[in-house]
Amino acid sequence: MENEKNTLLKVDNLVMHFPIYRGVISRQVGAVHAVDGISFDVKEGETLGLVGESGCGKSTTGRAILQLYKPTSGEVYFKGKNLVKLKSEPMRMMRREMQMIFQDPYASLNPRMTVRDIVGEPLMAFGQASGKEITERVADLLKLVKLNPDFASRYPHEFSGGQRQRIGVARALALNPSFIVCDEPISALDVSIQAQVVNLLEDLQKEFNLTYLFIAHDLSMVRHISNRVAVMYLGIIAEIADRDELYVNPLHPYTQALLSAIPVADPVYYEKNRRKVLEGDVPSPVNPPSGCRFRTRCPIADAHCAEVQPELREVSPGHFAACLKV
Amino acid sequence: MIDHLLQVENLETQFKTPDGIVHAVNGVSFTLNEGETLGVVGESGCGKSVTMLSCLRLIPSPPGKIVAGEAFFHGQDLLKMDPEELRHVRGAQISMVFQDPMTSLNPVMTIGKQLCEPLKLHLNMTDQQATNRAIELLGLVGIPRAGERLKDYPHQYSGGMRQRVMIAMSLACNPQILIADEPTTALDVTIQAQIVDLVKRLRDEMGMAIIWITHDLGVVASIAHRVAVMYGGYIIEESDVKDLYANPTHPYTLGLLGSLPHIEEKVHTRLFSIEGMPPVLYKKPVSCPFAPRCTFVTEKCWQENPKLETVSPGHRVACWVDTKSGSKR
Ligand SMILES: Nc1ncnc2c1ncn2[C@@H]1O[C@H](COP(=O)(O)OP(=O)(O)OP(=O)(O)O)[C@@H](O)[C@H]1O
Ligand SMILES: Nc1ncnc2c1ncn2[C@@H]1O[C@H](COP(=O)(O)OP(=O)(O)OP(=O)(O)O)[C@@H](O)[C@H]1O
Ligand code: SF4
Ligand code: SF4
Ligand SMILES: [Mg+2]
Ligand SMILES: [Mg+2]
């Protein structure tokens, strides 16, 4: 494959189940099928958007890729190395290159640490710098995320949500990573501040050739920032394609429903269009439906859909969908 | 004079905190007509919830205090009404749905009991009548097998179902006004679309007026007839929904709409971003509250806070500058 060269990350049949224990002897009675066999790759310098409803497994995917969870099965290749098989020390070194930015800028920073310590901690942990060097590097990082370096001695509570998210970005950048999992980095922020953070992430990506896995539920923001987009439903990938292809020509009934539910900031749109509203709720990931997982809400499901689990199939070049009727 | 269903005049609410007085709402006036849906938008902390809670005298006091204003409902000032009468208005004529259904549902009481209680209290229904009505209401908001599910506790419902139950409860007594404070913010887009469509359908069937608070400019476009944009405790622009999106006028509204990615974006364009932070409300500003972040700012903006003035029929803006032409007003 000619594209193999610039593939930075390759996820192969990744499964992440969380066991459920019950009773006095803690017998395992079942498992949450959070991620249930997903495969995709991410190319160097690109942004892959990951969308889907709450609980569909987006964060678990991000965490399992970074080996913050030990996957139940499957492989994760980063720069050609299988992270799942890596011993702890080589994995620790690899971790420098892979960082994560979290959803909640309030909870993800240690309230008792100064900004200097928060941003400088990874540098210390990896013995990359000491004393004055750290202070200088932290100042550079703060400037990079457009924060005043004089703020280094302050504590997180002295900052606004958008500023805290910048602190999180500065920390993630400290070790010059090549890959960052952005887990809903703007969801908790106000509209006017979201644009600031998105612009910052885009600028940094250009400057440092960063690769992002951008997890979000705001589909219009995902369209804005991504090169390709993957749609998850109940632990599997329903569809994956280039962003324009996905938004203009969605093939999977779930993607179609999701796109039609996006609120559009245009009242005239609502006069002209009747949207398709998806009925019902997402089923429990403890007992996912047989066959196609979307069949309990799919407007075109038939008996066949309850028997066969559709594979993620390449329908046109680069456009994959998991539906028996596509 | 037109008879408005609700007419709020010059409402001011403050909170006494250890760090000083928070000027949460600084002289807000608006009206709501029968059958109308008013959208209220603005960033976190701009005073959306406090405005509506003040109208119903539901702000915690202390630390909160309504320091000025009037809120006429059918010609009677809710802010001066006798508490007993006000309780009846809140129970039967004006109802509220909050952002987080878990905090407003009682976790140890069945859904059925919670639905039936107000029916018995405000409409004097018998147990049987209330149960029948509760089943009907759950059916109305799309809860399948409503009869059985009355016996469930809130945690046995999904987030979207709980929000639908909240709406069912708020509709129980056929209110004239439904105040919905970010009722869909915590929900997924598909469930959000279900709820918005549900409320629109019920509105058309029951003819109630709605105040819909949100920070999502897309949701507002889908449901409101008229929109008020708030900033720093003020309404800074108010207009018919179509006119607001076609002719946004206040620099803050322009910025908000500009910072949204366009869903049909063909080439990648950089998002417009409003620099700076929302205001700290410890002082009632003498200047325009948006001045520190405004790209149109002039000398005058620092000296005097502009009032909400009519700029075209049904369209009011609080700004010293005509942003279309760039000239002073
Ligand atoms: N550590 C855990 N132990 C047990 N179950 C978990 C754990 N983490 C996640 N889950 C479950 O796995 C499923 C997927 O969760 P995940 O957090 O990945 O969803 P998500 O797509 O990120 O959702 P959201 O949009 O709400 O963040 C959910 O059912 C969740 O409850
Ligand atoms: N109990 C309280 N004590 C002190 N200050 C308060 C209290 N309640 C609200 N405030 C302050 O009043 C201001 C307006 O708050 P309000 O809840 O109306 O904002 P909002 O527009 O509804 O925001 P959000 O979108 O976050 O719900 C804020 O600055 C808030 O901090
Ligand atoms: S496989 Fe069947 S149920 Fe699944 S999405 Fe396709 S049509 Fe719907
Ligand atoms: S009054 Fe002045 S500062 Fe305020 S919004 Fe208008 S131009 Fe900007
Ligand atoms: Mg998540
Ligand atoms: Mg609020």
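# A tour of chains A and B

Begin by selecting Leu38(B), which stands opposite Ile211(B) in β8(B). Before going further, note that this is a predicted model, in which local features need pLDDT of at least 70, side-chain atom pairs count only at pLDDT 80 or more, and totals for chains, interfaces and linings use all residues. Residues are numbered from 1 along each chain as its sequence is written, chains are lettered from A and ligands numbered from 1 in the order in which they are written, and side-chain values use heavy atoms, with hydrogens and water left out.

**Stop 1: a strand of chain B**

Now select residues 37–41 of chain B, which form strand β3; strands (E, at least two residues) and helices (H or I, at least four residues) are DSSP runs, numbered from the N terminus. Because five of its five residues are buried, β3(B) is largely enclosed by the rest of the structure, where buried means under 20% relative accessible area, exposed over 50%, and partly exposed in between (1.4 Å probe, protein chains only). Thr37(B), Gly39(B) and Val41(B) point one way from the strand, whereas Leu38(B) and Val40(B) point the other way.

**Stop 2: sheet and hairpin in chain A**

Move to chain A, where four strands form an open, antiparallel sheet in the order β2-β1-β4-β5. Its edge strands are β2 (27–43) and β5 (81–82), each of which pairs on one side only. Select β1 (residues 7–22) together with β4 (residues 73–78) of chain A, which are joined in the antiparallel sense by five bridges, and find Lys10(A), whose bridge partner in β4(A) is Tyr77(A).

Next, select residues 313–316 and 319–321 of chain A, the antiparallel strands β11 and β12, which three bridges join. Ser316(A) stands opposite His319(A) here, and Gly318(A) takes a positive phi near 80° in this hairpin, which has two residues between the strands.

**Stop 3: Glu53(A)**

Select Glu53(A), which is found in the loop between β3 (47–51) and α1 (58–65) of chain A. Glu53(A) is buried, with a relative accessible area of 3%, and a polar contact of 3.0 Å joins its side chain to that of Arg297(A). A polar contact is a pair of N or O atoms within 3.5 Å; within protein, one must be able to donate a hydrogen and the other to accept it, and residues adjacent in sequence count only if both atoms are side-chain atoms. Leaving aside neighbours within four places in sequence, Glu53(A) is in contact (heavy atoms within 4.5 Å) with residues including Tyr233(A), Asp188(B), Thr190(B) and Ile191(B).

**Stop 4: where the chains meet**

Finally, show both chains together: the contact takes 44 residues from chain B and 41 residues from chain A. Across this interface there are two salt bridges (a side-chain nitrogen of Lys or Arg within 4 Å of a carboxyl oxygen of Asp or Glu). Select Glu271(A) and Lys242(B), whose side chains meet in a salt bridge at 3.0 Å, N to O. Then highlight α7 (159–171), α8 (189–206), α9 (217–223) and α10 (241–246) of chain B, each of which supplies at least two residues of the side that touches chain A; α8(B) gives the most, with eight residues.

Technical notes: Pairing = 2+ DSSP bridges.
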